[in-house]
Amino acid sequence: MMRLVVLTGAGMSAESGIATFRGSDGLWENHRIVDVASPEGWAKNPHLVLDFYNQRRKRILEVAPNRGHEILAELEEHFDVQIITQNIDNLHERAGSKNVMHLHGEITKARSTSDASIVLDIDGSELNWGDLCPEGSQLRPHIVWFGEEVPMIQPAAELCTTADVFLIVGTSLQVYPAAGLIHSTPLGIPQYIVDPNTPAGISGQLQVIAKGASEGLEEVKEKLLRLL
Ligand code: NAD
């Protein structure tokens, strides 16, 4: 089976009703990124940060995968589909995709502030100040914040080297190191990007489908099936 590696960003979930952040003046749901997605923000006001992710978790569990998520799951009938997502939501999994690597963490998990290897499933529960890991340290959202290391970047880059086809959906390609993953793909393979606002400075090798995720992925699906 041909291996289709897919890199998705916040635009993938926009049609499910989850806001992207560069669409709204660089704010994420009306908050400055530094306040809710950085170690400095956590140190300054952990209550605000916990509340922010409690709201995001509640919202994500209220919404449903969109047609774009479904198409990526359906493509598993024809391709070995490997998804690398920058999203913290679980909409790919809920649409039925089996191989999903989360680069920036997962909203339904918490981790210990003293030992990053302690990661717990919290599903839809709130995470509050005073919620402790089994070792007795405060739990924080299992999210990679700006300025923090991205532990999954190496496995993601290795996966990209094995791609027969590469597809990008709904990312501004402004957040590194994720945006650099395209450089790990083999030279000369078919590459597509689905995004209504094509990011500046992308390589000429990428075929641009300037549409939203649902409509754009219907088009990509037809192109991909012709490769078989
Ligand atoms: P971004 O907000 O920087 O860019 C979003 C991209 O989506 C833009 O290029 C925009 O043109 C595109 N877009 C908008 N509507 C679309 C649609 N209907 N279909 C397809 N594309 C559409 O997002 P990013 O590049 O993913 O970086 C943002 C970071 O913020 C990520 O690392 C992520 O962790 C976090 N984030 C996650 C979520 C989520 O989990 N759903 C939501 C917001 C932000």
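Let's start with the largest pocket, which has a volume of about 880 Å³. Its lining takes in 47 residues, and those closest to the pocket's centre are Gly-9, Ala-10, Gly-11, Thr-20 and Phe-21. Keep in mind as you look around that this is a predicted model.

Now follow the nonpolar side chains. In soluble globular proteins, nonpolar side chains tend to be buried together. Here, the largest nonpolar core has 24 residues, and Trp-28, Ala-37, Tyr-53, Ile-88, Leu-127 and Trp-145 are the ones that touch the most other members. Two or more residues of this core come from each of α1 (33-36), α3 (46-62), β6 (105-112) and β8 (139-143). Of these, α3 gives the most, with five residues. A second, separate core holds 23 residues, among them Leu-103, Val-144, Ala-157 and Ile-193.

Setting aside neighbours within four places in sequence, Ile-88 is in contact with Trp-28, Tyr-53, His-104, Gly-105, Glu-106, Ile-107 and Ile-143.

Next, have a look at an acidic residue, Asp-195, which sits in the loop between β10 (191-194) and β11 (206-209). Is Asp-195 buried or exposed? Its relative accessible area is 9%, so Asp-195 counts as buried, the cut-off being under 20%. The side chain of Asp-195 reaches the backbone nitrogen of Thr-171 at 3.2 Å. Again leaving out neighbours within four places in sequence, Asp-195 is in contact with Gly-170, Thr-171 and Ser-172, as well as with Ile-209, Ala-210 and Lys-211.

A few backbone details are worth a click, too. Tyr-176 and Pro-177 are joined by a cis peptide bond, with omega at about 10°. You'll find Pro-177 in the loop between β9 (165-169) and β10.

With a relative accessible area of 29%, Glu-29 is partly exposed. Asp-123 also has a positive phi, of about 50°, and is found in the loop between β7 (119-121) and β8. Asp-123 has a relative accessible area of 52%, which means that it is exposed, the cut-off being over 50%.

Conventions:
Residues are numbered from 1 along each chain as its sequence is written. This is a predicted model: local features need pLDDT of at least 70, side-chain atom pairs count only at pLDDT 80 or more; totals for chains, interfaces and linings use all residues. Side-chain values use heavy atoms; hydrogens and water are left out. A nonpolar core is a set of buried Ala, Val, Leu, Ile, Met, Phe, Trp, Tyr and Cys residues joined through side-chain atoms within 4.5 Å. Buried means under 20% relative accessible area, exposed over 50%, partly exposed in between (1.4 Å probe, protein chains only). Helices (H or I, at least four residues) and strands (E, at least two) are DSSP runs, numbered from the N terminus. Contact means heavy atoms within 4.5 Å. On a 1 Å grid over the protein atoms alone, a cavity is a set of points where a 1.4 Å probe fits but cannot get out, and a pocket is an open set with protein on both sides within 12 Å along at least five of seven lines; lining residues have an atom within 4 Å of a point. Grid points are joined across faces, edges and corners, and a volume is the space filled by probe spheres set on the points. A polar contact is a pair of N or O atoms within 3.5 Å; within protein, one must be able to donate a hydrogen and the other to accept it, and residues adjacent in sequence count only if both atoms are side-chain atoms.
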